[in-house]
Amino acid sequence: MPDHAPTLTNAIRTHRIWGQLSAPARQRLAESLSLRSVAAGEPLEIGDEHAAALHWLVSGTLALQDEQGQPVVTLQAGDFMGTAGQPAVASARAQTDCQVAGIDAALVEALREDSAAVAFLLPSPSAAVLVKPRDRHSAEPALNLMTAPVRSLVKRSPITLPPHTPISEAARVMSEQRVSSVLIVEQEHLFGLVTDRDLRNRVLAVGLDPSRPVADITTLAPLTIDVQNPAFDALLLMARHNIHHVPVLDGQRIVGMITATDVTEQHSTSAVYLAGEVYKQTTVEGLQAASTRIKRLQQSLANAQASAYSSGHIITAITDALTSRLLQLAESQLGPAPIDYVWVAAGSQARNEQTAKSDQDNCMVLDDSYDEALHGAYFKALAQFVCDGLDACGYIYCPGEMMAMTDTWRQPRRRWAEYFARWTSAPDPKSLMLTCVFFDLRAVHGNGALLDDLRRDVLQRTKGNSIFLAYMVGNALQHQPPLGMFKGISAIRSGEHKGTVDLKHTGVVPIVDMARVHALAGGHEAVNTHDRLVSAAAGGSISEQSARDLREALEFLAFTRIQHQARQISAGQAPDNFLPLDDISNFERTQLKDAFTVVQSLQNVLGNRYQAGRF
């Protein structure tokens, strides 16, 4: 056994995953390992001479980067790195002195066979993914993105200047303080923001006199974030609005500034940079090229064990960015819109639950001053341009033509109000289907107030509408989990997908449908399924325990779906929703059955509640 065996033996025994092994398996692992040291700042070379299925970072911190040199994830002591099937990772460099141990594929498989827990927590060599040795539901990229507050990203006190400061003085302060932005403050209130980009584009590029006051180049009323918000909210704010600097406030008090670098250095996603690339494009072809990176982004999130909730929000933020940029390009060709409108996402995009495999569901709500003769041709051309562009970017046309390019779904607000009034008062099968699609709506671009007013009107119609809700429940119960008579998982028996389960339509969709019913019944404005279940529990329409069970089942099923798609992408296959049962361990199969059982049980509860007139 090597000289470092006592240190390795202890590290193995106390490791979250290795500690699950039997004593003989831990001994075998210790005897097979040899440590390599990598000095801080040096690259980790993983050539043929160091070939391994898995690399274990025993001590230190190691930064992984993509092909553009952007950070993907920072590994901490105890983490793993695969060496194949990882297009998101191009290089690795030690941030501190590191010790790394390689483990060959045969030993990895033997260790997986030793313990069901290890088989679940440790990636198969064929998957070659990054693994954070923590509970999956709390394992966010690098830090816990959902629970770490924005405060944790603020590195220094705010650098502030009054509006009358000369531009040259602002540039000097930024240089001395080594910051890329400065906050402009008047009477202790945030007035605006100046970045190094403003100095380049608004001063040097146009020859502006640097003795002018900095107020002349300030971005007024910048988007801000509260110090208590989750750090994840900062990432989404930057990705959706193509900004790289966000002032942090505590109420009205200025706390500091965070940048895209602060977020991406600490969290394993390049979503902010990808969104920035989207907004730089000036052609549909450019957007099409940028959109090819979405699958790689999903792989990166899957490799970092990001939750389905956060992955859905991040992937959807890029779809929003593509949509907004297409609308901007369309308006640059067609001219400004003659009246107010709002482009509205429907379905999974509206719920912030998209994956790399998505079609498009969208519509347009126009101002009530809309006149077909005056405005019809413009908005038809605008919608066609955007829907065609989304299709070119991989979001295929909706098979049911529920898109803004279809005349029916591009209407003034008053017509949309008529639609919902008819659907909720006479709920035939088509009306129920349309309600399911168009109740899940979210403004993406334009005058969001047009949608806000409409949604409030709809919720007033559905809240307590027992007849309509009973029909909605019946419609929701059409999607059943794949459980057999004796509660075993019932795989598809024939056809192209024989031996698989449909994680979307028999797993995720039943939960989405139940959450929608609760939102309609309680008049809750939340659109995301997880958030609807939280609101429903708070409003008393479902018990706290049942809501928690459904959220856990949703997270597990959606997470499993994302991981399945990431494996397909790594293998060069088109992602789908059909999980082969032979591809998962008995431990995973048990968890899958438990999730399906929770869904079926709560479907039964909901069905019984709305039977025989008991509302």
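1. Helices and strands are here taken as DSSP runs, a helix having at least four residues and a strand at least two, and they are numbered from the N terminus. Counted in this way, the protein has 22 helices and 20 strands. The model is a predicted one, and the points below should be read with that in mind.

2. A few totals describe the chain as a whole. Of the 615 residues in the protein, 54% are buried. The protein exposes about 26,300 Å², and carbon and sulfur atoms supply 49% of that area. Among contacts with a separation of 6 or more, 70% are made by residues 24 or more positions apart.

3. The packing of helix 5 against helix 6 deserves attention. Two packed helices are described by the angle between their axes and by the distance between those axes. Helix 5 covers residues 167-177 and helix 6 covers residues 196-204; the angle between them is about 145°, and their axes are 11 Å apart. The crossing of helix 5 and helix 6 is left-handed.

4. Which residues in helix 5 and helix 6 meet? Helix 5 contributes Ile167, Ala171 and Met174, while helix 6 contributes Asp196, Leu199 and Val203. By class, this contact of helix 5 with helix 6 has 5 nonpolar residues, 1 charged residue and no polar ones.

5. Helix 7, residues 231-241, is mostly covered, with 8 of its 11 residues buried. The buried residues in helix 7 are Ala231, Phe232, Ala234, Leu235, Leu236, Leu237, Met238 and Ala239. Asn242 follows helix 7 and has a positive phi, near 55°.

6. Two further residues with positive phi may be considered together. Ala221 is not a glycine, yet its phi is positive, at about 45°. Ala221 is placed in the loop between strand 11 (219-220) and strand 12 (225-226). Is Ala221 buried or exposed? Ala221 counts as exposed, because its relative accessibility is 68% and the cut-off for exposed is over 50%. Glu401, likewise a residue other than glycine, has a positive phi near 60°. Glu401 is found in the loop between helix 14 (372-392) and strand 17. With a relative accessible area of 48%, Glu401 is partly exposed.

7. The cysteines can be treated briefly. How many disulfides does the structure hold? The structure holds 0 disulfides. Cys398 is in no disulfide, and the nearest cysteine sulfur, belonging to Cys387, is 9.9 Å away; a disulfide would require the two sulfur atoms to be within 2.5 Å. Cys398 is buried, its relative accessible area being 8%. Cys436 also counts as buried, at 14% relative accessibility.

8. Gln411 lies in strand 17, which spans residues 410-412. Why does Gln411 count as buried? Its relative accessible area is 15%, and the term applies to values under 20%, so Gln411 is buried. Leaving aside neighbours within four places in sequence, Gln411 is in contact with Met364, Val365, Leu366, Trp416 and Tyr419. The C-alpha atoms of Gln411 and Gly376 are separated by 9.7 Å, although the two residues are 35 residues apart along the chain.

9. Arg461 belongs to helix 17, residues 449-462. Arg461 is partly exposed, with a relative accessible area of 43%. Not counting residues up to four places away in sequence, Arg461 touches Ala421 and Thr424. Arg461 and Phe420 are 41 residues apart along the chain, and their C-alpha atoms are separated by 8.7 Å.

10. Phe587 lies in helix 22, which runs over residues 586-609. Phe587 is partly exposed, and its relative accessible area is 32%. How many residues apart in sequence are Phe587 and Ser115? They are 472 residues apart in sequence, and the distance in space is 9.9 Å, C-alpha to C-alpha.

Note on methods
Residues are numbered from 1 along each chain as its sequence is written. This is a predicted model: local features need pLDDT of at least 70, side-chain atom pairs count only at pLDDT 80 or more; totals for chains, interfaces and linings use all residues. Side-chain values use heavy atoms; hydrogens and water are left out. Axes are lines fitted to C-alpha atoms, for helices over the stretch in contact, and angles run from 0 to 180 degrees between N-to-C directions. A crossing is left-handed if the near helix is turned anticlockwise from the far one by less than a right angle, and right-handed if clockwise. Contact means heavy atoms within 4.5 Å. Ala, Val, Leu, Ile, Met, Phe, Trp, Tyr, Cys and Pro count as nonpolar, Asp, Glu, Lys and Arg as charged, and the others, Gly among them, as polar. Buried means under 20% relative accessible area, exposed over 50%, partly exposed in between (1.4 Å probe, protein chains only). Accessible areas come from the Shrake-Rupley method with a 1.4 Å probe; for residues, only the protein chains shown count as cover.
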